[in-house]
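Dear colleague,

Please find below the structure that I am handing over to you. My notes on it follow directly after.

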Amino acid sequence: MSENDKINGNNPGGLDNNPDTAGKNTDAAAPSEVDRRIAERLEKIRQSVDAGFNAIDTKAAEAHTQPEKTEQQEKAEMPLKAQAKEKTAHQPSAQTAKDSVKETPPKKTEQLANSEKTEPDAAAAQEIEAVTEQTEDISENTVSKQKKIQILFFSAAAVCLVVLVGVLSWVFVGSKKPVEPASGEEKKNIEDMSFIPGNVFGAALQPNANENTSYPEGIMEKYKRLYAADNLFCGWLSVPNTPIDTPIYHNPKSNNLFYIKRDLWSGEFSRYGTNFLDYRNNAKDLDRNTVIYGHNFDDNNDDKIDDILFGAVERYTDIEFYKQNPVIEFNTLYKDYKWKVIACFRTNGLAQDDNGYLFLYNSPIMHDQSFMQFVDEIKQRSYFHTGVDIKPDDKVLTLSTCTYFFDKNKTEDARCVLIARMVRPGESEAVDVSAAVKNENIRYPQLYYNVFGGTNPYKNASKWVAYG
């Protein structure tokens with residue numbers, strides 16, 4: 001049989017020229033034709049289902065992105081919606097259209113018609129059901145995966161939270177060991193070491209009963225702890241608006257070299273030394289001139305005062321700083337004292353730097369006449385005149401430190417000196433700083449003129465010597 005005959009149905013006897021099928025009824029070949037048609041219908045059904053899902057997704061996207069219609073637009077569209085509804089009423093439903101797709105082809109034989117009414121419809125129904133089940137499975141799988149992801153995320157977060165809480169609990173609670181009560185000996189050692197310099201003025205600070213220290217008669221309570229720590233402690237020095245707020249020590253059985261390079265606590269060598277009172281001074285009753293020494297360094301060579309120990313003394317070379325801080329304080333073990341600043345000057349430390357003369361500003365003992373001459377000497381050298389009066393029976397406090405003013409290479413031995421007069425009993429601590437004026441004719445040592453040039457007008461001046 002030719003292909004045309006097969007296509008046009010020119011085989012009325014239902015016979016095939018194929019020797020394998022010759023003489024057989026066409027009913028034997030009918031199932032293959034039915035299968036092809038069923039497959040075509042199933043393909044159409046799948047396409048229809050896919051198209052339906054695509055249409056649903058498209059409408060959902062449009063509904064999500066489509067802007068809301070205004071009231072006027074909705075009123076304008078109402079007649080159109082009514083017409084569409086009326087038109088839809090005369091059209092077959094979607095189910096009817098879908099059922100029409102399933103109509104059977106024209107009859108060829110009674111057996112073929114019966115097979116087309118039963119087998120294709122059953123197969124199509126099974127295929128549709130299978131597609132629907134696959135779709136539902138996919139949806140269920142997707143939802144299930146999302147739930148699993150959420151469960152995993154929250155589980156991981158919960159684990160991290162538990163770990164964090166555990167770590168914090170260990171840091172703040174578990175890692176701290178309980179403090180065991182100190183034994184009798186340990187408690188005594190703790191009390192002996194409990195001195196904190198910043199608390200020496202605290203009202204609640206009491207002497208340690210375990211120290212068994214023999215205190216000098218008349219010592220103030222606030223200084224007993226410092227004295228117990230080192231019985232060479234002799235007083236406390238404070239200079240306002242400077243780092244100088246420090247204990248002072250005194251070794252009358254040695255000399256001024258004892259503390260100059262000695263660490264206070266270790267007793268070993270230290271270039272910073274310890275602030276100390278001149279060994280010749282009386283630390284209780286105070287002499288005519290009480291002298292305290294401390295170091296000054298310019299370690300970084302930046303020409304700036306580093307305020308190490310007594311470096312801040314040089315701030316008083318500025319009259320404005322003096323006006324803001326005209327009173328300093330030095331207390332002994334037995335009494336508190338205030339002192340009014342009267343002079344600040346720089347001088348040589350070696351006689352060879354001033355034509356063989358060394359101004360002994362650190363002389364502790366002098367009689368009244370010598371003392372007034374001394375006062376005149378310091379006024380000549382001071383950067384300013386304060387207007388603070390001085391009487392023959394007054395006492396002064398002298399702070400002495402190094403200076404590099406004359407030589408930045410630090411090869412010269414020079415001093416910066418601050419001198420203050422003790423506030424008299426019953427006298428006001430107030431100072432009229434408006435009376436202070438700059439000294440326009442400062443008496444410098446010869447070293448100054450050797451470094452900066454010029455003629456020394458005091459080269460042949462009288463040379464003061466202390467008389468006790």
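**Findings**

Among contacts (heavy atoms within 4.5 Å) in the chain between residues at least 6 apart in sequence, 63% join residues at least 24 apart. Please note that this is a predicted model, in which local features need pLDDT of at least 70 and side-chain atom pairs count only at pLDDT 80 or more, while totals for chains, interfaces and linings use all residues. Residues are numbered from 1 along each chain as its sequence is written, and side-chain values use heavy atoms, with hydrogens and water left out.

The chain holds 10 helices and 10 strands (DSSP runs numbered from the N terminus: helices are H or I with at least four residues, strands are E with at least two). Of its 468 residues, 33% are buried (under 20% relative accessible area; exposed is over 50%, and partly exposed lies in between, with a 1.4 Å probe and protein chains only).

Ser-370 belongs to helix H9 (residues 368-381) and is buried, at 0% relative accessibility. Leaving aside neighbours within four places in sequence, Ser-370 is in contact with Trp-464, Val-465, Ala-466 and Tyr-467. By contrast, Leu-161, in helix H5 (residues 110-174), is exposed, with a relative accessible area of 53%.

The count of salt bridges comes to 16 (a side-chain nitrogen of Lys or Arg within 4 Å of a carboxyl oxygen of Asp or Glu). One of them pairs Arg-346 with Glu-314, at 3.1 Å from N to O. This pair links distant parts of the chain, 32 residues apart: Arg-346 is in strand S6 (residues 338-348), and Glu-314 is in the loop between strand S4 (289-293) and helix H8 (319-324). Arg-346 is buried at 10% relative accessibility, and Glu-314 is buried at 8%.

Another salt bridge joins Arg-421 and Asp-389, with the closest N and O atoms 3.1 Å apart. Here Arg-421 lies in strand S9, and Asp-389 in the loop between strand S7 (384-385) and S8. Arg-421 is buried, with a relative accessible area of 0%, whereas Asp-389 is partly exposed, at 38%.

Arg-424 forms a salt bridge with Asp-394, the closest N and O atoms being 2.8 Å apart. Arg-424 is in the loop between S9 and strand S10 (437-438), and Asp-394 is in the loop between S7 and S8. Arg-424 is buried, at 18% relative accessible area, and Asp-394 is buried, at 5%. Through shared partners, salt bridges join Lys-340, Asp-389, Asp-394, Arg-421, Arg-424 and Glu-427 into one network.

With kind regards
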